[in-house]
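Here is a note to read beside the model. The points can be checked one at a time against the picture.

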Amino acid sequence: MTETRLAISGLMKAFGALTVTQDVSLTLETGEIHALIGPNGAGKSTLIGQIAGFITPDAGRIEIAGRDMTEARPAARARAGLGRTFQVSQLAEPLSARRNVMLALQGAQGRTYRFWGAVTQDSELRDAADAALARTGVADRAGVAVSDLSHGERRRVELACALALGPKLLLLDEPLAGLGPEGSAEMVALLDTLRTEVPLLLVEHDMDAVFRLADRISVLVSGAIIASGDADTVRADPRVRDAYLGDGDA
Ligand SMILES: Nc1ncnc2c1ncn2[C@@H]1O[C@H](COP(=O)(O)OP(=O)(O)OP(=O)(O)O)[C@@H](O)[C@H]1O
């Protein structure tokens with residue numbers, strides 16, 4: 001039995017006269033990767049911003065793990081189980097990979113660092129951080145400063161920060177951006193293994209990766225979802241070809 005972890009319905013957002021989210025409805029179910037694609041300016045970032053709680057929709061509803069979160073602040077959404085990674089790295093460069101994950105855990109748990117029981121707390125956080133880094137394949141880099149990590153390793157540490165919190169769903173905003181072919185292939189392989197642990201809503205420009213990974217693809221054009229379905233359905237949809245893929249080789 002699948003469970004709906006994200007349900008958006010009738011979402012609307014305009015900036016002045018420009019409608020950037022036009023009656024958008026979509027769901028994310030357990031066990032799946034749902035990709036959101038669309039040309040530049042289609043409204044993907046604005047939609048992600050509304051899901052994460054940084055942009056207030058004009059109308060519509062957002063449910064996270066069965067709870068109405070339409071009016072909730074970003075931190076409340078995170079507590080409800082919404083995890084995310086960002087287009088631009090949020091890591092603290094001088095600190096080690098492990099310390100970055102520990103900080104993410106502390107932030108989420110609202111613990112005061114070096115308060116009572118600091119030693120126990122520290123070792124618990126450390127173990128949890130190391131487990132997350134192992135899950136994303138960078139256990140051997142745990143003690144290395146982020147500034148000394150490769151771009152691909154940083155992406156894995158960011159993912160570890162998100163995963164360590166035990167999210168019920170993950171929003172991934174261009175996880176392959178800036179990775180070379182080899183790094184992209186490795187990240188795709190990693191994401192492929194994650195879907196059974198946590199469902200992913202993926203915004204990604206790399207179409208090969210999207211078509212390889214996604215169970216469902218929704219195509220956003222001018223703020224509206226013009227097609228949604230599995231890779232074959234979306235690939236064959238003439239509206240998608242016209243509006244977005246165009247060149248016929250997707
Ligand atoms: N704060 C804002 N005020 C006014 N217009 C905005 C604002 N944010 C975004 N827009 C406009 O909304 C439209 C959608 O932008 P958005 O960044 O959501 O698209 P996108 O699909 O994420 O694009 P890209 O793939 O290039 O990142 C664009 O025309 C953009 O100029």
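1. Ser-222 sits in the loop between S9 and strand S10 (224–229); helices (H or I, at least four residues) and strands (E, at least two) are DSSP runs, numbered from the N terminus. The phi of Ser-222 is positive, about 50°, although Ser-222 is not a glycine. Most residues other than glycine have a negative phi. Ser-222 is exposed, with a relative accessible area of 55%. Here buried means under 20% relative accessible area, exposed over 50%, and partly exposed in between (1.4 Å probe, protein chains only).

2. Some notes on the source are needed before going on. The model is predicted: local features need pLDDT of at least 70, side-chain atom pairs count only at pLDDT 80 or more, and totals for chains, interfaces and linings use all residues. Residues are numbered from 1 along each chain as its sequence is written, and side-chain values use heavy atoms, with hydrogens and water left out.

3. Ala-65 also has a positive phi without being a glycine, with a value near 45°. Ala-65 belongs to the loop between strand S4 (59–64) and S5. Its relative accessible area is 22%, so Ala-65 counts as partly exposed.

4. Thr-70 lies in the loop between strand S5 (67–68) and helix H2 (74–79). Is Thr-70 buried or exposed? Thr-70 is buried, at a relative accessible area of 14%. The side chain of Thr-70 makes a polar contact with the side chain of Asp-68, at 2.6 Å. A polar contact is a pair of N or O atoms within 3.5 Å; within protein, one must be able to donate a hydrogen and the other to accept it, and residues adjacent in sequence count only if both atoms are side-chain atoms. A polar atom of the Thr-70 side chain also lies 3.0 Å from the backbone nitrogen of Ile-62.

5. Which residues surround the ligand? They are Phe-15, Leu-18, Val-20, Pro-39, Asn-40, Gly-41, Ala-42, Gly-43, Lys-44, Ser-45, Thr-46 and His-205, where near means that a heavy atom of the residue lies within 4 Å. Oxygen atoms of the ligand are found 2.8 Å from a backbone N or O atom of Gly-41, 2.9 Å from a polar backbone atom of Gly-43 and 2.7 Å from an N or O atom in the side chain of Lys-44. Taken alone the ligand exposes 640 Å², and the protein buries 58% of that. Strand S2 (18–29) and helix H1 (44–52) are the elements that give two or more residues to the shell. H1 gives the most, with three residues.

6. Eight of the nine residues of H1 are buried, so H1 is largely enclosed by the rest of the structure. Among the buried ones are Lys-44, Thr-46, Leu-47 and Ile-48.

7. The largest nonpolar core has 31 residues, of which Leu-159, Leu-170, Leu-191, Leu-200, Ile-217 and Val-219 touch the most other members. A nonpolar core is a set of buried Ala, Val, Leu, Ile, Met, Phe, Trp, Tyr and Cys residues joined through side-chain atoms within 4.5 Å. Elements giving two or more residues to this core include helix H5 (151–164), strand S7 (169–173) and helix H6 (181–194). The core draws at least three residues from each of domain 1 (1–81 + 167–249) and domain 2 (93–166); the domain bounds come from an automatic or database domain assignment.

Definitions and conventions. Accessible areas come from the Shrake-Rupley method with a 1.4 Å probe; for residues, only the protein chains shown count as cover.
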